[in-house]
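This briefing walks through one protein model, topic by topic. Please keep the sequence and the structure in view while reading.

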Amino acid sequence: NDEEHHEAFGEQTNISRRIRYDINLIKNNDPNFKWFNMDDNDVEYFSDLAWELLGRYIAENNHLEDLGFDCGLTDEKMTLLFKHLTRSASLKTLDISRNNFGLDGIQSMIPFLKNAPNLTKLKTYNNHNINAECFSLLVNSLHDGPTEDLRFAGCSIEDVSALGNYSLPHLKILNLECNNIRIIPSLDKYTNLEVLWLDGNNIGKEGCRSIANLLQNNSSRLRLLRLASNDIGDEEAEMLADSLKHNTTLTYLDLGGNKFKEKGLRAFLKLLNDIASIGNTYNSNHTLTGLGLSNSSPFLKSAEMEKHIRSSLTINRGSDAPGQLKVIETQLNSVLRMELCHLQGIEYSYNSIFANIDDVFLPNIIALVGRKHGQDELYRMLIATAPDLTSIISRRAVLPERIAENAAQVVALNAAHVRQVADLKAENLQQTAALDVKRLELERELESIESGQGGVHSLADTSIASIQRSSGKKRDRSV
């Protein structure tokens, strides 16, 4: 009622004019008032009644979208504020950063979090009373909800296993920097995640493995990853580099302030430009355009690696055909290729590059080298490829003759095939005719047998005639 409102927010309270004006707009459900933020300048003038009424006004407002409290809220004040703030149909963002509440304050928020269907962003920076238990309770309250942006930087969260126990299917941004996090669950189900801050933690090998698995997931949309100051060594750096070989989404990775050295740097150098062959260079990672590294290495070799890493990143950022440009800039430049082979532990041989090039393309490649890298590089390539160029010229002279010979061979084979088919057809016809004659003879003999008596007399007459011929022959011999 008006008396309560005047008691809580009247001029006598010393609450600033701006805050009193804004609270009136919230109370009256002004459709044009979308954003309210309260800092610590007025918090000392807020009575228990003022906190309760403010919570009620916000719950009953249908237009307020962004709400912020940067005013040192304690558990007691949170409990008063959320006593009636148990729902909101309009709020999209809640920023409760730089406060002092802990588990009790979080518990007072749970009804509100479960009844705010449009709340997509929750921020709570720099509150050292927020620990792993608080984080778990919050994630549980947001389970399967609309949350897209969750920020808990500068708290005291060492374990974020709740991310594995519950699900935030719409999560796109997760900021957990400066929490001393040691345990990270599998993040494979967070395929909508686009931005992940984990600077200033201690995620260890298992944490790196969880992130590497996410980066290897073909459904992952992660494009920005910050892992600075995480005590990451060479083994973890190699694991992360390996996970990016086929990744086509991550454009920025911050690894500054970690402890990996030459071995880890080599892994990222090979990731961005594998000098082992033209094919390897062409198929290197061309998506990563930014890589934060610790620029404090005292070793010359590490500094050289970082130089070549930056060069590859520049190509990735500025070229529409980075694979092709890396081949031209490094594979076809003997000086840079020799440096990169040395840095990547690959035995260098100038002529070995030509094993990957079809001889037919050599003239165009030599011309390209001359334009791009100057006469010295051109002459060197000409000397190395002279026999192959001669072979190409000779082949051009004889190719028409070879083509004609090939065509003649095809014609001859076709003619031989036609003859063979004709011969086989004639032989088949002859064999078929002979079989037909034999069949007719057998049929006549069968008819004779089946004729009965006539068949027997015919057989007797045939036998007598045979005996008479035999007797006549004997008389002739006796005379």
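By class, seven charged, six polar and three nonpolar residues make up the lining of the largest pocket. The model described here is a predicted one, with 479 residues in the protein, of which 41% count as buried. Its secondary structure comes to 17 helices and ten strands, and among contacts between residues at least 6 apart in sequence, 72% join residues at least 24 apart.

**The largest pocket**

- The space in the largest pocket is about 290 Å³, and its lining consists of 16 residues, with Asp242, Lys245, Lys270, Leu271 and Asp274 lying nearest the centre.
- Two or more lining residues come from each of α9 (234-243), α10 (262-272) and α11 (278-282), and of the elements that contribute to this lining, α10 gives the most, with five residues.

**The nonpolar core**

- The largest nonpolar core holds 101 residues, and the members that touch the most others are Phe36, Phe69 and Phe268; helix α3 (residues 48-60) supplies the largest share of this core, namely seven residues.
- Once its neighbours within four places in sequence are left aside, phenylalanine 268 is in contact with Ala237, Leu240, Ala241, Leu244, Leu253, Leu255, Leu291 and Ile309.

**Cysteines**

- The count of disulfides comes to zero, a result that rests on a cut-off of 2.5 Å between two cysteine sulfur atoms.
- For cysteine 155, the closest cysteine sulfur is that of cysteine 134, and because the distance is 8.9 Å, the two sulfurs are too far apart for a bond.
- Cysteine 155 is buried, with a relative accessible area of 4%, and cysteine 71 is buried as well, with a relative accessible area of 3%.

**Positive phi values in one loop**

- Most residues other than glycine have a negative phi, which gives a background for two residues in the loop between β8 and α9.- Serine 229 lies in the loop between β8 (224-226) and α9, and serine 229 has a positive phi of about 55 degrees although it is not a glycine; at 40% relative accessibility, serine 229 counts as partly exposed.
- Aspartate 231 is likewise found in the loop between β8 and α9, and its phi is near 60 degrees, a positive value in a residue other than glycine; with a relative accessible area of 47%, aspartate 231 is partly exposed.

Note on methods
Residues are numbered from 1 along each chain as its sequence is written. This is a predicted model: local features need pLDDT of at least 70, side-chain atom pairs count only at pLDDT 80 or more; totals for chains, interfaces and linings use all residues. Side-chain values use heavy atoms; hydrogens and water are left out. Buried means under 20% relative accessible area, exposed over 50%, partly exposed in between (1.4 Å probe, protein chains only). A nonpolar core is a set of buried Ala, Val, Leu, Ile, Met, Phe, Trp, Tyr and Cys residues joined through side-chain atoms within 4.5 Å. Helices (H or I, at least four residues) and strands (E, at least two) are DSSP runs, numbered from the N terminus. Contact means heavy atoms within 4.5 Å. On a 1 Å grid over the protein atoms alone, a cavity is a set of points where a 1.4 Å probe fits but cannot get out, and a pocket is an open set with protein on both sides within 12 Å along at least five of seven lines; lining residues have an atom within 4 Å of a point. Grid points are joined across faces, edges and corners, and a volume is the space filled by probe spheres set on the points. Ala, Val, Leu, Ile, Met, Phe, Trp, Tyr, Cys and Pro count as nonpolar, Asp, Glu, Lys and Arg as charged, and the others, Gly among them, as polar.
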